[in-house]
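Dear colleague,

I am handing over the structure below, and after it you will find notes on what turned up when I went through it. Please read them beside the model.

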Amino acid sequence: MKPELKNPDLIKGLGYINGEWVKDSNEFFEVDDPSTGEIIAKLPEHDIAVVDRAVDAAYDAFQKYKNTLPRQRATWLRNLFNLMTENAEDLAKIITWENGKSLPDSRAEIKYAASYYEWYAEEAPRIYGATIQPSIPNNRVITKRQPVGVCGIICPWNFPSAMITRKVGAALAAGCTVVVKPDSHTPLSALAMTVLVEKAGFPKGVFNVVLSQHNTPKLGKRLCEHPKVKKVTFTGSTRIGKTLMEQASSTLKKCSFELGGNAPFIVFDDADLDLAVDQAIASKFRGMGQTCVCTNRFYVQDTIADEFAEKLVTKVKQFKIGDGMKEGVTHGCLTNAKQADKVDEHKKDAIEKGAKVLLEGGRMPDLGKNFYAPVVLKNVPQSAMVAKEETFGPLCPIFTFKTVEEVLGYANDTELGLASYVFTKNVNTLFTVSEALEAGMVSCNTGLFSDSSVPFGGVKESGFGREGSLYGIDDYTTVKSIIIGNLPDSL
């Protein structure tokens with residue numbers, strides 16, 4: 001059912017190129033409400049020619065936009081932050097409508113998403129260079145950071161607003177222009193954002209949106225191979241990231257990828273157990289486990305494992321699962337049936353290998369095909385699939401360990417390294433384990449750490465580059481060295 005919005009103009013059904021809403025296709029794809037299965041939108045299926053138009057528009061706009069004053073870019077970004085804040089409830093409803101997460105989750109996402117525009121409004125005037133004295137006494141070197149150029153931005157469905165703002169905020173602050181390709185499951189949030197970009201005052205061609213479902217691989221390939229696109233950034237699976245990186249190598253583009261995760265949540269026996277359980281819930285069940293930094297593996301010291309498991313099950317049983325739009329619902333549905341299939345696969349595999357079922361969970365057909373109740377397992381063996389693969393759903397596998405060395409071996413035994421969690425009151429253990437974990441981010445004694453001030457990104461096959469923080473703008477700039485020679489001797 002279509003949500004009631006204070007600003008119904010936020011719902012759009014067209015792409016956006018060079019400041020104009022465009023159809024540019026006789027073919028369409030459908031977007032559904034994952035909670036009800038109802039078709040909620042039909043959007044144009046764009047092809048490579050439309051991508052080329054969008055890139056050309058972004059390239060032409062870049063010639064002037066790169067020379068705008070950083071303070072002016074900051075003003076436009078601040079306008080965008082204010083507009084997101086003013087329209088926060090409507091934007092949250094659109095997320096829930098097309099993604100299925102609960103309204104509380106969606107409201108939190110919009111607040112988080114908007115913060116990146118505020119952050120980069122403050123960072124735009126602070127892109128500094130340096131003066132260097134080279135080995136030749138009469139020479140000087142000045143460095144200057146310049147925008148890299150047109151950026152292709154490919155976004156996922158799990159955070160349909162925040163994954164755009166994290167990238168676009170940095171790009172626009174640096175002086176880059178963008179072509180955004182939202183996921184076909186959740187394009188309405190991107191288009192609502194576009195309405196606000198238009199109102200914020202950015203010049204035409206700076207922000208462009210292309211749409212597709214069936215042509216997505218072709219459009220992604222074109223963005224990666226187009227000579228006018230100088231950077232590609234992507235959030236999604238490691239498999240797709242590798243494909244895009246290979247394609248981008250044809251033009252040696254700058255890339256930043258935030259890919260899959262397999263986060264361990266390590267609880268030592270001296271931890272505040274109630275705090276650990278509360279934060280485990282916060283980490284694991286945001287978006288019903290459909291986040292790249294949510295806990296995938298619980299490693300609990302053997303002396304407290306049973307108590308931890310009992311408390312976790314008690315908390316999970318208090319969830320109210322249902323249509324995310326309804327008041328009182330704490331957790332919505334999964335965004336698509338593939339996610340439920342993956343949870344089923346990992347659950348079945350772990351049980352066959354000896355895991356004990358504490359909370360059966362499973363599909364909830366009475367609510368709809370995409371609803372899935374949380375599963376809690378204990379005594380999960382390290383040989384289980386979930387130990388090596390990301391589930392991306394509401395499965396809680398509890399492993400046990402005895403020593404620091406043992407748990408570090410388990411935690412690092414994966415090709416992925418995005419986020420990790422550590423719970424202990426011992427500061428020595430905290431530092432030792434944090435530094436030894438092979439992850440881009442280690443969260444200590446808290447299950448929620450995402451913030452615009454935090455450098456967000458992974459290591460190993462979880463990708464490279466950082467989003468947010470003082471480092472986030474670096475991936476959208478290049479360093480130019482200006483050498484001045486044969487200066488007169490100093491007086």
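**Notes on the model**

The side chains of Glu258 and Arg166 are joined by a polar contact of 3.1 Å (a polar contact being a pair of N or O atoms within 3.5 Å, where within protein one must be able to donate a hydrogen and the other to accept it, and where residues adjacent in sequence count only if both atoms are side-chain atoms). Please keep in mind that this is a predicted model, in which local features need pLDDT of at least 70 and side-chain atom pairs count only at pLDDT 80 or more, while totals for chains, interfaces and linings use all residues. Residues are numbered from 1 along each chain as its sequence is written, and side-chain values use heavy atoms, with hydrogens and water left out.

Glu258 is where UniProt, in an unreviewed entry, places the feature "active site"; such positions are given in the numbering used here, feature names are shortened, and annotations may be inferred rather than shown by experiment. The residue belongs to strand 11 (residues 254-258), helices (H or I, at least four residues) and strands (E, at least two) being DSSP runs numbered from the N terminus. Glu258 counts as buried because its relative accessibility is 3%, where buried means under 20% relative accessible area, exposed over 50%, and partly exposed in between, with a 1.4 Å probe and protein chains only. Leaving aside neighbours within four places in sequence, the residues in contact with Glu258 include Met163, Phe234, Cys292 and Ser462 (contact means heavy atoms within 4.5 Å).

His331 sits in the loop between helix 10 (305-316) and helix 11 (337-352), and is buried, with a relative accessible area of 10%. Its side chain makes a polar contact of 2.8 Å with the side chain of Thr330, and among the residues that His331 touches, not counting those up to four places away in sequence, are Ser102, Phe285 and Lys320.

Turning to strand 8 (residues 177-181), five of its five residues are buried: Thr177, Val179 and Lys181 point one way, and Val178 and Val180 the other way. Strand 7 (residues 150-154) runs parallel to strand 8 and is joined to it by five bridges, two strands being paired if DSSP finds at least two bridges between them; here Cys151 stands opposite Val178. On strand 9 (residues 207-209), which also runs parallel to strand 8 and is joined to it by three bridges, Asn208 is the bridge partner of Val179.

With best wishes
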